[in-house]
Amino acid sequence: MRFETFVALRYLFALRKQSFISIISLFAVCGVAIGVGALIVVIGVMNGFSTDLRDKILGVNAHVLVTSLRGGIKDYRELADEAKKVPGVIGVTPFVYSEVMLSTRSGVKGVVLRGIDPATSDSVLSLSKDMVSGDVANLEVEGDTPGIIIGSELAKRLGLTNGSDVNLLSPAGRSGAAGFTPRVTRFVVAGVFRTGMFEYDSSLGYVTIPAARKLLGFKGDVVSGLEISVDDVYNVKAISEALRESIGSFTVYVRNWQEMNANLFAALELEKSAMFIILAMIVLVGSFSIVTTLVMLVIQKTKDIAVLMSIGADVASIRRIFMMQGTFIGLAGTVIGYLIGVPVSLLLKKYQFIKLPSNVYPVDYLPVRLEAMDLLAIGGAAFLLCFLATIYPARRAAALSPSEALRYE
């Protein structure tokens, strides 16, 4: 063991004899530990919230959306074949999109209607995984009445179950002698899905593309666009550029999930950074306690410092002794903070005992996701603040003159 380390540890373990200094040291350790623990839990919740929200959005919406600049796409099959050739694309499905009115005996509700192809939708959407009753295959029923899959909140509000009849009113109606008449089609509920996001579960409905075309009055084999899934959601920008080059001859508009939700995820990232800075202030308070501890220790150990310097300890050695002592206090607080924050985060993740109102938040529980880089950043930031707090007291200790210190001893 090095001389500086030995002396620093002796001073550290001897603090229990100086009750006032030991209490300040305990507060310093507790301050750092609470700050690190709070940072781990809060950043884990922010990561979990952002990841869960992203997964839910990308489960209902595609990674890349291709829409027409002219209102509809007729040659969508050729367009889909071109898109499948782009590296990174793992699924392509056509869709029809519109807003309609859903009416039942229990009430009326505006609904976002999406026509999908059940044969290819699983490669892009998570609808099959979100079903709580019924099946996506039930959309393609034989007979005159087409099927519709609705969200759980919408079903609860209107009292609908599998087999219930509903009417969909399309804004694309007919003009006659009696005036404008909306187009009305009867559907039967073929299933209920639940994503966990109130916005989707309360206002989204799925039908087949032919049923959507008939309701909306589309003429011919036309769709609103293509939905595309990719193998790496974080590389979606490069894949989108490749798609634009591949299908550049078509009059289409290519957008990815990052562009469509840029403001939302930018706000989440800003909030995460703000919470990191705010909670780091707790660690900073703990580091100020380290400064107080070391300054008082330097005053108390003036004679010891003078003796050490008189027997050959140089200025750098004295400086390292007190820097190590403060660093040990910060390290102890950081380790205890990890021992508090990580288990609490894992318990929150496993048992989800903190519930959120689903009609207020996009998720109904407090999600937690721990990432190695964030844990390292939290520990590194805490350790750095504690280390910086040792510089001033260590320099003051090293600046003592042995003759002045021993003059009145």
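This is a predicted model: local features need pLDDT of at least 70, side-chain atom pairs count only at pLDDT 80 or more; totals for chains, interfaces and linings use all residues.
View 1. Cys-30 is partly exposed, at 33% relative accessibility. Cys-386 is buried, at 1%. A search of the whole structure turns up 0 disulfides.

**View 2. Helix 10 packs against helix 14**. Two packed helices are described by the angle and the distance between their axes. Helix 10 covers residues 262-300, and helix 14 covers residues 391-398. Their axes come within 8 Å and cross at roughly 10°. Helix 10 is therefore roughly parallel to helix 14, because angles under 35 degrees count as roughly parallel. On helix 10, the contact is made by Val-291, Leu-294, Val-295 and Val-298. On helix 14, Tyr-392, Pro-393 and Ala-397 take part. The contact residues divide into 7 nonpolar, no polar and no charged.

**View 3. Glu-82 pairs with Lys-85**. Side chains of opposite charge can pair when their charged atoms come close. Here the closest N and O atoms are 3.7 Å apart, and the pair forms a salt bridge. Glu-82 is partly exposed, with a relative accessible area of 24%. Lys-85 is exposed, at 62% relative accessibility. The structure holds 12 salt bridges.

**View 4. A salt bridge joins Arg-244 and Glu-259**. The closest N and O atoms of this pair are 3.4 Å apart. Arg-244 lies in helix 8 (residues 236-246), and Glu-259 lies in helix 9 (residues 257-260). The pair therefore ties together parts that are 15 residues apart in sequence. Arg-244 is partly exposed, at 27% relative accessibility. Glu-259 is also partly exposed, at 44%.

**View 5. Asp-374 forms a salt bridge with Lys-272**. The closest N and O atoms are 3.3 Å apart. Asp-374 sits in helix 13 (residues 372-389), while Lys-272 sits in helix 10. So the pair ties together parts that are 102 residues apart in sequence. Are these two residues buried or exposed? Both Asp-374 and Lys-272 are buried.

**View 6. Arg-77, Arg-213 and Asp-221 form one network**. Salt bridges that share partners join these residues.

Terms used:
Residues are numbered from 1 along each chain as its sequence is written. Side-chain values use heavy atoms; hydrogens and water are left out. Axes are lines fitted to C-alpha atoms, for helices over the stretch in contact, and angles run from 0 to 180 degrees between N-to-C directions. Helices (H or I, at least four residues) and strands (E, at least two) are DSSP runs, numbered from the N terminus. Angles under 35 degrees count as roughly parallel, over 145 as roughly antiparallel, 65 to 115 as roughly perpendicular and the rest as oblique. Contact means heavy atoms within 4.5 Å. Ala, Val, Leu, Ile, Met, Phe, Trp, Tyr, Cys and Pro count as nonpolar, Asp, Glu, Lys and Arg as charged, and the others, Gly among them, as polar. A disulfide is a pair of cysteine sulfur atoms within 2.5 Å. Buried means under 20% relative accessible area, exposed over 50%, partly exposed in between (1.4 Å probe, protein chains only). A salt bridge is a side-chain nitrogen of Lys or Arg within 4 Å of a carboxyl oxygen of Asp or Glu.
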